[in-house]
Amino acid sequence: MQHAFKLGEAEHNNALSRSANAYRLHFGEQVIDVDLKTGADGRAWLTVGERHHEVVIATRGDDVFVHFDGEAYQLRYRHPLDRLAAAAGGSAEDHIRAPMPGSIVSVSVKPGDAVTKGQTLLVMESMKMETTITAPRDGVVAVVTYEKAQTFDRDALLLSLEPNQ
Amino acid sequence: MSAVPDTSQWPFKAVLVANRGEIAVRVLRTVQKLGLKGIVVYHAADRGTLAVKMADQAIEITGPTPVASYLDGAQIIAAALASGAGAIHPGYGFLSENKGFCQAVEAAGIRFIGPTPEQIDLMGDKVRARNFVEKAGFPVAPSAIEDDDPATFVERSRKVGAPLLIKPSAGGGGKGMRIVRDLSLLEQEIVRGRSEGARYFGDGRLYCERYIENPRHIEVQVLGDGHGNVVHVFERECSVQRRFQKIVEETPSPALTPELREKICETAAGIARSIGYRNAGTVEFIFGQQGEFYFLEMNTRLQVEHPVTEQITGIDLVLQQLRVAAGEQLGFEQTDVKAQGHAIEFRIYAEDAARGYTPTTGPVLVLHPPQGEGVRWDSGILQGGEVTSAFDPMIAKLIVTGHDRADAIAKGDAALRDTVLLGCKTNTAFLRRLIAHPAFVAGDVHTGFLDANPQIAAEPELAAETLQALLAAAALSTRPMRDVADAVPDMHAAMGGWRN
């Protein structure tokens with residue numbers, strides 16, 4: 001079965017299978033022997049082919065955080081079923097997510113409202129700057145997640161439109 | 001100078017820290033070293049932080065927002081009175097340069113660990129501070145203020161000399177500012193500046209000052225005891241900035257010759273002496289490519305970047321603040337202040353440099369602070385804590401000390417590499433790219449350096465090998481993937497001796 005991780009903006013398909021003593025990573029055309037021995041406090045010993053790396057790993061929900069070669073990375077696991085569902089209905093632009101952490105200055109619409117492309121949906125504030133979020137297309141508001149003055153994290157779902165017929 | 005003093009005769013035995021995060025921890029460390037009782041106030045959002053754990057007593061304060069609670073002077077003074085604190089240390093930010101708070105603290109019979117209210121007032125108003133410093137005979141950037149005499153403004157501006165910067169008097173944030181390099185264009189630029197000022201701020205009045213091309217920000221640490229004794233504790237170079245905020249600070253400054261160092265440090269001490277300054281303070285200068293420097297402002301409090309000064313002089317600046325607040329004299333002279341080695345501070349921010357330095361949030365799932373000789377980690381966060389958007393995104397300071405600048409840079413790179421913080425993106429990888437840049441290595445930076453070199457903030461493309469390793473680590477740490485793999489035993493293993 002193909003699985004995927006999102007790293008930055010890119011999504012990478014891959015799969016895992018057993019080998020005699022450990023695992024194999026299937027990535028593109030490559031099949032690489034891999035293994036992970038975990039220690040205390042997130043520390044782990046990662047084998048990739050012939051190479052060994054000392055890494056630190058933490059997980060939370062679908063997120064895997066890896067400190068590798070002096071830098072920290074975040075990979076988000078995408079469930080195969082969720083990806084199927086996402087492909088079947090609704091496009092990403094129906095779900096408006098926060099580009100950065102901040103708070104809500106004002107909300108101009110409520111669920112059920114018909115909106116036209118470019119119409120102001122809400123105004124958010126972050127780093128002392130106000131940003132106006134506008135409708136990406138004509139449609140009907142399905143969900144408004146936050147009220148005025150509430151705070152949110154980056155990538156939080158701010159507002160959804162009803163899927164197009 | 002950093003011997004632990006005898007506090008038995010001090011007028012206070014307990015100190016309340018009216019701050020949070022790393023600076024609350026930093027102040028508590030010295031307070032407790034002296035055998036005094038350390039008290040903090042905290043908002044519920046900070047309940048699990050190191051300062052609250054370390055303090056001998058922690059008092060919860062409330063407010064409409066977490067930040068508002070730390071700005072609520074009346075509540076903080078009430079907490080000090082209730083806990084028997086005889087002194088309040090304001091840290092930096094929040095109420096540290098608030099004259100009204102300082103007065104209210106003293107009116108409540110509590111010592112304010114800082115300057116006098118008059119000194120806060122004088123230095124808190126930029127125009128008044130500048131005029132005072134100029135009158136006292138110290139260098140300020142040549143300037144002309146339209147309001148002084150509108151009829152002669154153009155003429156006076158011409159005398160300031162090119163290049164010059166025209167700014168709206170009512171302005172801020174760089175809006176309506178115009179650089180004039182050719183004085184024959186001066187009049188038409190003034191007309192444009194006036195109309196922009198009127199449009200942005202509803203106020204067309206202008207002032208202009210000499211524009212310093214690619215300036216450095218150099219500041220000088222001073223210490224005064226209010227009994228007339230003032231010394232400087234050398235300079236700090238803070239030119240590497242993003243959005244007008246410092247990111248990397250170091251001492252000594254790579255830009256100064258011994259003669260210039262003496263001159264700029266003595267100027268700072270002279271300014272502090274001219275107001276009979278009491279407390280640790282910082283005099284900031286703008287420093288031009290030709291070695292000219294002008295007074296910018298004076299911060300009448302402990303500075304974020306004070307640790308680099310402590311590292312090369314061995315002077316505990318918080319300890320000196322406490323001694324002075326207790327009424328002691330400095331008890332040492334300028335010639336007693338000596339520096340050795342080179343120290344660099346890195347501000348660890350929860351932010352994404354590649355996305356315009358936007359703040360990030362998240363849980364601190366794993367935290368392994370860097371360790372080793374010459375490595376200092378000033379932080380208020382703990383593993384298991386959370387970085388939220390409630391406060392400033394600076395979550396820690398890494399300070400490295402080497403025998404010279406190259407050694408300090410090498411130690412900095414190694415320590416940034418060893419800093420493990422998982423769950424919330426930080427700027428450590430960006431800082432490593434920054435200090436590897438040839439201009440930084442050469443000490444050749446200015447306040448616009450990061451804007452002029454945006455590639456430092458951009459994330460480099462991942463090496464194929466790194467991507468493989470990350471996917472392997474992630475796949476092997478993801479339950480559904482391991483379970484699927486484990487459910488299908490290896491074909492070769494199942495077939496036994498098939499491979500000989």
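## Chain B: burial and overall dimensions

Of the 500 residues of chain B, 47% count as buried. This figure, like the others below, comes from a predicted model. Along the principal axes, the C-alpha trace of chain B extends over about 100 × 65 × 45 Å.

## Chain B: secondary structure and domains

Chain B contains 19 helices and 23 strands. Among its contacts with a separation of 6 or more, 65% are between residues 24 or more positions apart.

The chain is divided into four parts: domain 1 covers 14-113, domain 2 covers 143-210, domain 3 covers 216-456 and domain 4 covers 467-495. Taken over C-alpha atoms, the centres of domain 2 of chain B and domain 3 of chain B are separated by 33 Å.

## Contact between chains A and B

How many residues does each chain bring to the contact? Chain A brings 48 residues and chain B brings 38 residues. On the chain A side, the elements that give two or more residues are the strands S1 (3-7), S2 (10-18), S3 (23-27), S4 (30-38), S5 (43-48), S6 (51-60), S7 (63-68) and S8 (71-78).

Which of these elements gives the most to the side of chain A that touches chain B? That element is S6(A), with seven residues. By residue class, the side of chain A that touches chain B consists of 28 nonpolar, 13 polar and seven charged residues.

## Strand pairing around S1 of chain A

Strand S1(A), one of the strands in the contact with chain B, pairs with S2(A) in the antiparallel sense over five bridges. In this pairing, Leu7(A) is opposite Ala10(A) of S2(A). S1(A) and S2(A) make a hairpin with two residues between them, and Gly8(A) in the turn has a positive phi of about 65 degrees.

S1(A) also pairs with S8(A), again in the antiparallel sense, over four bridges. Here Ala4(A) is opposite Arg78(A) of S8(A). Both S2 (10-18) and S8 (71-78) of chain A are also among the strands that give two or more residues to the side touching chain B.

Technical notes. Residues numbered from 1 in each chain as written. Chains lettered and ligands numbered in written order. Predicted model: local features only at pLDDT ≥ 70, side-chain atom pairs only at ≥ 80, totals over all residues. Domains from an automatic or database assignment. Contact = placed C-beta atoms within 7 Å. Nonpolar A, V, L, I, M, F, W, Y, C, P; charged D, E, K, R; others polar. Buried ≥ 20, exposed ≤ 12 C-beta atoms within 10 Å, placed from the backbone. Pairing = 2+ DSSP bridges.
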